[in-house]
Amino acid sequence: VQLQASGGGLVQVGGSLTPSCAASGSFFSVNVMGWYRQAPGKQRELVATITSTGITNYADSVKGRFTISRDNAKNTVALQMSSLIPEDTAVYYCNANVLVTPVTPAYNYWGQGTLVTVSS
């Protein structure tokens with residue numbers, strides 16, 4: 001299973017970006033998908049998650065500004081980020097909880113990370 005993230009970049013304060021991530025490989029199903037971020041000198045933190053049925057969860061710091069969505073048919077997840085502020089600068093990692101087979105435990109996979117830089 002591989003997660004390939006894309007769509008990061010440099011944006012000014014108040015701007016928008018929509019990174020996306022695709023899961024590929026051989027697997028049975030994808031459960032929760034999500035985005036985490038790690039700023040320089042800080043621990044990785046949850047940004048947003050979405051279940052296969054569309055239930056979402058957001059960090060308080062991004063509520064009202066970020067929207068997570070997924071396409072179950074394509075096994076992709078996107079993070080629409082708006083009203084960006086310098087504190088959003090970080091490497092953003094996608095995550096997916098994947099059932100490789102129906103009888104093995106689910107496992108968390110991580111993408112390689114995509115850098116988002118918000119300049120003031």
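Cys94 counts as buried, at 0% relative accessibility, where buried means under 20% relative accessible area, exposed over 50% and partly exposed in between, taken with a 1.4 Å probe and protein chains only. What we are looking at is a predicted model, in which local features need pLDDT of at least 70 and side-chain atom pairs count only at pLDDT 80 or more, while totals for chains, interfaces and linings use all residues. Residues are numbered from 1 along each chain as its sequence is written, and side-chain values use heavy atoms, with hydrogens and water left out.

Let us stay with Cys94 for a moment. The structure holds 1 disulfide, a term that stands for a pair of cysteine sulfur atoms within 2.5 Å. Its members are Cys21 and Cys94, with their sulfur atoms 2.0 Å apart. The link is right-handed, with 45° about the S-S bond. It joins distant parts of the chain, as Cys21 belongs to strand S3 (residues 20-24) and Cys94 to strand S9, 73 residues apart. Cys21 is buried too, with a relative accessible area of 3%. Strands here are DSSP runs of E with at least two residues, and helices are runs of H or I with at least four, numbered from the N terminus.

Which strands does S9 pair with? Two strands pair if DSSP finds at least two bridges between them. Strand S4 (residues 29-38) runs antiparallel to S9, joined by 8 bridges, and here Arg37 stands opposite Tyr92. S10 (residues 107-110) is also antiparallel to S9, with 4 bridges; Trp110 in S10 is the bridge partner of Asn95. S9 and S11 pair in the antiparallel sense as well, over 3 bridges, and Ala90 faces Val116 of S11 there.

Trp110 leads us on to the rings. Rings of Phe, Tyr and Trp (its six-membered ring) pair if their centres lie within 6.5 Å; planes under 30 degrees apart count as stacked, over 60 as edge-to-face and the rest as tilted. By this rule there are 2 aromatic pairs. Tyr36 and Trp110 form an edge-to-face pair, 5.0 Å from centre to centre with 65° between the planes. This pair bridges distant parts of the chain, with Tyr36 in strand S4 and Trp110 in strand S10, 74 residues apart. Tyr107 and Tyr109 have ring centres 5.0 Å apart and planes at 75°, so this pair is edge-to-face. As for accessibility, Trp110 is partly exposed at 39%, and Tyr107 is exposed, with a relative accessible area of 52%.

A charge sits over a ring if NZ of Lys or CZ of Arg is within 6 Å of the ring centre and within 35 degrees of the ring normal. The charged end of Arg44 sits over the ring of Trp110, 4.6 Å from its centre, and also over the ring of Tyr93, 3.8 Å from that ring's centre.

Our last stop is Leu115, in strand S11 (residues 114-119). Is Leu115 buried or partly exposed? Leu115 is partly exposed, with a relative accessible area of 49%. Leaving aside residues up to four places away in sequence, Leu115 touches Gly8, Gly9, Ala90 and Val91, where contact means heavy atoms within 4.5 Å. Leu115 and Ala39 lie 76 residues apart in sequence and 9.6 Å apart in space, C-alpha to C-alpha.
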